[in-house]
Amino acid sequence: MLRGVRSMPAAKKPSNPPGSGIAKCPTGIVGLDQITNGGLPRGRPALICGGAGCGKTLLALEFIVRGAIQFDEPGVFVSFEEMSDELTDNVRSLGFDLDDLVKRKKLAMDYVRVERSEIEESGDYDLEGLFVRLNYAIDLIKPSAWAQIAALQAQILAQDQATEHLIADTQANESRGQLERRAMAVSRKADSASGRSNGKESRK
Amino acid sequence: MTKKSPARVKAAAAAESSYAWNLRLYVAGRTLKSVTAFENLKRICEEHLRGQYEIEIIDLIEQPQLAKGDQILALPTLVRRLPEPIRKIIGDLSNTG
């Protein structure tokens with residue numbers, strides 16, 4: 001499971017009670033947030049362990065669903081046992097409409113099936129395919145980050161054109177350098193926007 | 001337990017292909033591993049299946065949405081779609097011994 005990371009955790013002080021030291025990410029599950037002093041550690045991997053049927057999957061799924069609904073943090077849910085439509089059916093009676101969340105780009109789901117008997121090994125390989133799938137799922141829930149980049153790229157293009165006009169008009173090389181520096185600053189802004197998966201950003 | 005997509009994919013592959021062997025190689029970009037895998041595959045096919053095979057290369061950097069259909073995890077992955085049953089080989093196919 002993976003949920004949007006807020007870009008400015010300092011702005012949300014209440015989720016980090018004094019003395020705990022670790023910034024917390026509220027799960028939205030009231031009892032759990034109480035006994036964990038505010039939720040799961042923010043921005044870190046969390047491993048949930050337990051026997052069969054104790055609710056690991058449900059905890060993970062509820063964390064993702066409440067994140068999407070209550071905290072405007074879209075999430076990705078990757079399962080290795082249940083298929084996406086099975087999960088969707090299983091939690092419908094709890095009032096979680098996963099299809100709707102997927103449609104609203106608040107949730108992306110992927111079912112990764114590993115059937116050992118179907119796979120042979122020969123030579124060197126890596127798990128890049130899994131990362132491709134993860135990236136693709138993350139991109140599905142933050143399309144507006146790309147829209148922001150597209151807007152910034154349009155700005156850069158406009159500035160480039162302005163630069164060319166300026167050069168044609170004045171032949172002044174100093175101002176060309178100045179504008180190029182500005183264009184570079186804008187492209188840096190675009191880069192930092194692409195690294196974000198803040199729910200609030202992707203809403204706009 | 002509905003598994004509609006693999007069946008549909010299978011049927012489509014059978015309908016499209018005029019070769020006995022329909023092979024699909026999944027890679028991510030032009031890495032050393034992906035180039036090696038293709039060269040090895042080409043060599044093995046020419047040696048044993050000349051004129052009876054077709055190879056389709058899918059670059060997941062360009063088409064990441066296709067990783068889901070054949071349940072790709074490791075790269076490179078070779079999927080034998082025909083003849084059935086579907087088989088997968090992961091790795092750059094350098095271990096032919």
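Student: Is A:Arg44 buried or exposed?

Tutor: This is a predicted model, in which local features need pLDDT of at least 70, side-chain atom pairs count only at pLDDT 80 or more, and totals for chains, interfaces and linings use all residues. Residues are numbered from 1 along each chain as its sequence is written, chains are lettered from A and ligands numbered from 1 in written order, and side-chain values use heavy atoms, without hydrogens and water. Buried means under 20% relative accessible area, exposed over 50%, and partly exposed in between (1.4 Å probe, protein chains only). Because its relative accessible area is 51%, A:Arg44 is exposed.

Student: Where in chain A is A:Arg44 found?

Tutor: Helices (H or I, at least four residues) and strands (E, at least two) are DSSP runs numbered from the N terminus. A:Arg44 is found in the loop between strand S3 (40-41) and helix H2 (56-70) of chain A.

Student: How many residues of chain A are in contact with chain B?

Tutor: Contact means heavy atoms within 4.5 Å. On the side of chain B, 26 residues take part, and in chain A the number is 26.

Student: What is the area buried between chain A and chain B?

Tutor: The size of an interface is often given as the accessible area lost when the parts come together. Here buried area is the accessible area (1.4 Å probe) that two parts lose on being put together, summed over both. Carbon and sulfur atoms give 55% of the area between chain A and chain B, which is about 2,400 Å².

Student: How many salt bridges does the rule find across the interface of chain A and chain B?

Tutor: A salt bridge is a side-chain nitrogen of Lys or Arg within 4 Å of a carboxyl oxygen of Asp or Glu. For the interface of chain A and chain B, the rule finds three.

Student: Which element gives the most to the side of chain A that touches chain B?

Tutor: Helix H3 (84-92), strand S5 (107-111), strand S6 (119-121) and helix H5 (128-141) of chain A each supply at least two residues of that side. The element that gives the most, with six residues, is H5(A).

Student: In which sense do S6(A) and strand S4 of chain B pair?

Tutor: Two strands pair if DSSP finds at least two bridges between them. A:Glu121 stands opposite B:Ile90 in S4(B). S6(A) and S4 (residues 87-90) of chain B have three bridges, and the sense is parallel.

Student: With which residue does A:Glu62 form a salt bridge?

Tutor: A:Glu62 counts as buried, at 17% relative accessibility. The closest N and O atoms are 2.8 Å apart, and the partner is A:Arg66.

Student: How far apart in sequence are the parts that A:Lys106 and A:Asp72 tie together?

Tutor: A:Lys106 and A:Asp72 form a salt bridge with closest N and O atoms 2.9 Å apart. A:Lys106 lies in the loop between helix H4 (98-103) and S5 of chain A, and A:Asp72 in the loop between H2 and strand S4 (75-79) of chain A, so the pair ties together parts whose separation in sequence is 34 residues.
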